[in-house]
Amino acid sequence: MNSEKINELVSQMTITEKLGQLTQLAPFFLGMDPTMDLTGPMNEMNLKPEWIKEVGSTLNGFGARELKALQDRHMANSRLGIPLLFMADIVHGYKTGFPIPLAMGSSFEPALYERACEISAKEGAASGIHLTFAPMTDLVRDPRWGRVMESTGEDAYLNSVMTQAAVRGYQGQNPRDKGRLASCVKHFAAYGAPWGGRDYNTVDQSEGMLREYYLPAYKAAVDAGVAMVMTSFNTVKRVPASANKWLMRDVLREEWGFEGPVISDYAAVDETITHGIAADSAEAARKCLEAGTDIEMMSSHYLVNGEALVSEGKLDIAIIDEAVRRVLELKNALGLFENPYKDADEAWEAELLNHPEHKRAAYEIAIECPVLLKNEGVLPLNNLKPEDKLKIGVAGPFTGTDRVMGSWAVNRESGDRSLIQALRNQMPQAEFITAMTGELGPLQADITDVPDEIDAAVERLRDCDVIIAAVGENSEDTGESASKTILRLSGNQERMIHALHGLGKPVVAVLFCGRPMEIGPILADCDAVLQGWFLGDASGAALADLLIGKANPSGRLTMSIPVSVGQIPVHYNAFRTGRPYRGLHERYVSRYLDCDNEPLFPFGYGLSYSEFAYSDFMVEKTGNSDGVLAKARISVTNISNVPGKETVQLYIHDVAAQVVRPVKELKGFRKLELQPGETAVVSFEITKEMLSYWNEEREFCFEPGAFDIMLGRSSADVESTRIWIG
Ligand code: BGC
């Protein structure tokens with residue numbers, strides 16, 4: 001169908017048919033059994049039965065058979081033959097469970113993230129889904145916020161690169177192609193910055209902060225051709241995003257040229273009333289439509305008020321028509337008018353279930369994500385003793401559980417994901433003793449902590465050569481509506497580690513969590529710490545191989561780990577202050593009296609079983625040839641006898657500008673694999689764009705002057721040189 005045909009179709013539609021296209025409901029309204037829990041509250045909808053058949057899309061219904069049947073019923077009743085669009089939250093895998101996005105960010109491997117999204121798209125498409133509400137690309141600096149697990153972290157550049165990889169992975173060349181999904185970037189905008197880390201709370205930022213940090217990753221998605229954009233729950237410049245004209249009309253459409261539909265987040269149109277910027281249902285509908293929210297998710301203000309608003313002259317029908325056209329264009333781009341099922345196919349769906357290639361990919365991705373935070377000569381385990389002489393204790397609530405998928409996992413069926421099972425498989429000759437493996441409840445349960453079996457654990461593990469503490473947070477305490485003020489491990493877990501350390505045997509903590517946790521209190525009791533995140537289906541296998549030494553850790557933190565909650569927000573790219581911290585004993589400077597300014601572990605940090613030496617750091621000016629102003633390079637050598645991966649990171653700092661600049665900003669990275677003794681020369685081009693910033697004239701500008709160019713292994717470990725660019 002071409003644009004003219006779409007216009008013709010719009011001209012034939014009644015107002016109710018139009019408003020139906022602008023409404024999205026859970027599939028049970030349309031008579032389908034729910035396949036996923038609701039992701040928000042159910043409010044009074046005031047829906048008339050005759051409106052239901054006009055609804056244009058559903059969320060979170062899954063299954064080829066079910067969705068084909070739903071589409072058939074719908075098409076039989078659709079006067080103009082307009083198919084339903086099936087959308088769903090496929091965030092980090094569908095049938096195959098991949099690591100949470102925060103973990104995938106830690107891989108610093110966009111190509112692997114892309115692969116995970118490609119597989120998710122294929123599995124989702126076979127199950128009848130047309131569009132995924134992903135990637136979530138909100139920049140995050142506050143680990144109290146439960147949704148940090150859905151983001152790739154605290155850096156705008158890394159998030160942008162990862163976002164583009166995800167969009168490519170889902171959509172491929174064209175989301176219409178077999179096995180591809182349309183992608184919807186979310187949550188526009190700045191949902192990752194709620195005050196106090198409390199979900200749905202106020203966001204309030206300067207425009208410079210938005211432009212340089214919070215907006216770039218959404219723009220990257222638009223530049224990569226993302227099909228749809230979802231609004232956020234929060235305010236931006238004090239107007240809720242779903243009613244925010246500046247955000248959607250000026251920035252998204254006018255400046256960035258986005259032409260696809262914008263969908264509200266779950267009931268976010270309704271929430272403009274609770275926010276207090278709409279007096280009633282009619283005003284909520286009018287404000288959100290005028291601002292550019294085309295589809296209303298899980299509330300019905302458009303349907304209830306649209307007709308009257310137009311007939312009373314309060315809303316221009318052109319706004320509704322424009323929104324409907326965008327929705328129909330997306331349906332058309334996906335080929336739904338010709339084939340309303342798209343790729344829904346029971347046989348293909350079954351064939352993809354437990355597909356060996358997808359399982360292998362889940363492992364290959366999971367192995368890149370864990371971050372080795374500390375290792376004092378204890379890991380890898382296979383260096384300790386011959387396997388048949390090794391006695392390994394494994395203790396804690398994550399020893400035997402397969403609940404390691406993390407929030408937003410669609411497939412929660414049991415699987416072979418436990419750490420202990422994988423360790424036993426991989427080290428058949430070693431002896432394993434487990435202890436204190438009871439369940440760690442979520443914070444809203446009656447019993448929240450793992451049962452205290454500390455004394456028994458100490459007795460059982462007394463003779464072990466090494467003890468692995470499999471600890472963390474319940475995955476239900478991460479994700480949406482899972483904000484916390486205490487980021488420490490539960491009391492019994494901390495006490496268990498302390499008591500086991502008392503045995504005088506090396507203790508290795510493996511952390512299962514969806515956010516940076518406050519691990520300072522256990523650090524001294526642990527000889528090694530592996531940040532394991534929630535790794536999905538391959539969790540056990542990947543962690544076991546890393547612990548044993550069959551694989552080498554290569555993840556790097558993409559969110560700083562705080563010393564204490566009181567430091568938050570703590571992120572590497574802080575702005576310069578007039579009174580920088582220079583030492584513990586100085587008083588009138590920007591510092592805490594009781595805590596360091598620096599995080600416990602910084603952005604970009606992560607250890608390896610290999611050792612890498614850096615040399616020959618050089619920056620040379622190139623005189624603006626093809627927009628390149630300078631080149632930086634450095635040599636990296638694997639000086640150990642273990643093959644491994646190193647992520648070289650490029651940071652810059654503008655020494656003097658019209659507005660205050662951060663102490664450093666990531667502008668490039670490269671993950672290298674080096675054999676023992678091997679050297680690689682890594683070079684980066686430095687462009688004008690990398691040195692630009694948002695100024696008081698409200699535009700990105702480049703100003704000649706001095707810049708520090710830094711290369712190194714983490715945000716806190718770089719070599720730096722200053723250059724003048726005229
Ligand atoms: C979440 C979105 C999600 C939507 C649909 C909301 O509660 O904020 O991320 O896509 O529900 O499930």
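**Notes on the predicted model**

1. Let's begin with a loop residue: tyrosine 200 sits in the loop between β5 and α8. Its phi is near 70 degrees, a positive value in a residue other than glycine. Most residues other than glycine have a negative phi, and most peptide bonds are trans. Tyrosine 200 has 37% relative accessibility, so it counts as partly exposed. Keep in mind throughout that this is a predicted model.

2. Two further residues belong to that β5–α8 loop. Glycine 196 is found there, between β5 (182–188) and α8 (207–214), and at 44% relative accessibility it counts as partly exposed. Leaving aside neighbours within four places in sequence, glycine 196 touches Asp142 and Arg144. With arginine 144 the sequence gap is 52 residues, while the C-alpha atoms are 7.6 Å apart. Alanine 189 is in this loop too, and a cis peptide bond with omega of about 10 degrees links phenylalanine 188 to alanine 189.

3. Methionine 436 also has a positive phi without being a glycine, near 45 degrees. Its place is the loop between β13 (431–435) and α18 (454–461). Is methionine 436 buried or exposed? Its relative accessible area is 3%, and the cut-off for buried is under 20%, so methionine 436 is buried.

4. Next, strand β5, which holds serine 183. Serine 183 has a relative accessible area of 0% and is buried. Its side chain comes to 2.8 Å from the backbone oxygen of alanine 134. Apart from neighbours within four places in sequence, the contacts of serine 183 are Thr132, Ala134, Pro135, Val167, Tyr170, Gln171, Val226, Ala227 and Met228. Two of these partners, alanine 134 and proline 135, are joined by a cis peptide bond with omega of about 5 degrees. Proline 135 lies in the loop between β4 (131–132) and α7.

5. Which residues are closest to the ligand? They are Thr39, Asp89, Arg147, His187 and Asp265, out of 15 residues that surround the ligand. The shell splits by class into seven nonpolar, three polar and five charged residues.

6. For aspartate 89, the distance from a polar side-chain atom to a ligand oxygen is 2.4 Å. For arginine 147, an N or O atom of the side chain is 2.7 Å from a ligand oxygen. For lysine 186, a polar side-chain atom is 2.9 Å from a ligand oxygen. The ligand taken alone exposes 310 Å², and the protein buries 100% of that.

7. Helix α6 covers residues 110–126, 17 residues in total, and spans 24 Å from first to last C-alpha, close to the 24 Å expected at 1.5 Å a residue. Why call α6 largely enclosed by the rest of the structure? Because twelve of its 17 residues are buried. Among them are Leu112, Tyr113, Ala116, Cys117, Ile119, Ser120 and Glu123. The buried residues of α6 pack against α4 (64–77), α5 (101–106), α7 (156–171), α15 (346–352), α16 (356–366) and β20 (665–674). After the helix comes glycine 128, with a positive phi near 95 degrees.

8. Helix α12 (residues 281–291) has Ala284, Ala285, Cys288, Leu289, Glu290 and Ala291 buried. An α-helix has 3.6 residues a turn, so residues three or four places apart point the same way. The packing partners of the buried α12 residues are α10 (245–255), α11 (271–275), α13 (301–311) and α14 (317–333).

9. Aspartate 708 is part of strand β24 (residues 705–714). At 10% relative accessibility, aspartate 708 counts as buried. Its side chain makes a polar contact of 2.7 Å with the side chain of arginine 722. Beyond its neighbours within four places in sequence, aspartate 708 is in contact with residues including Tyr651, His653, Val655, Ser720 and Arg722.

10. Last one: glycine 491 belongs to helix α19 (residues 491–501). Glycine 491 counts as partly exposed, at 30% relative accessibility. Valine 450 is 41 residues away along the chain, with 8.9 Å between the two C-alpha atoms.

Technical notes
Residues numbered from 1 in each chain as written. Predicted model: local features only at pLDDT ≥ 70, side-chain atom pairs only at ≥ 80, totals over all residues. Heavy atoms only, no water. Helix = DSSP H or I, 4+ residues; strand = E, 2+ residues; numbered from the N terminus. Expected span 1.5 Å × (residues − 1). Buried < 20%, exposed > 50% of the residue type's maximum accessible area, 1.4 Å probe, protein only. Contact = heavy atoms within 4.5 Å. Near = heavy atom within 4 Å. Polar contact = N/O pair within 3.5 Å; in protein donor to acceptor, adjacent residues only side chain to side chain. Areas by Shrake-Rupley, 256 points an atom, 1.4 Å probe, with all protein chains shown as cover. Nonpolar A, V, L, I, M, F, W, Y, C, P; charged D, E, K, R; others polar.
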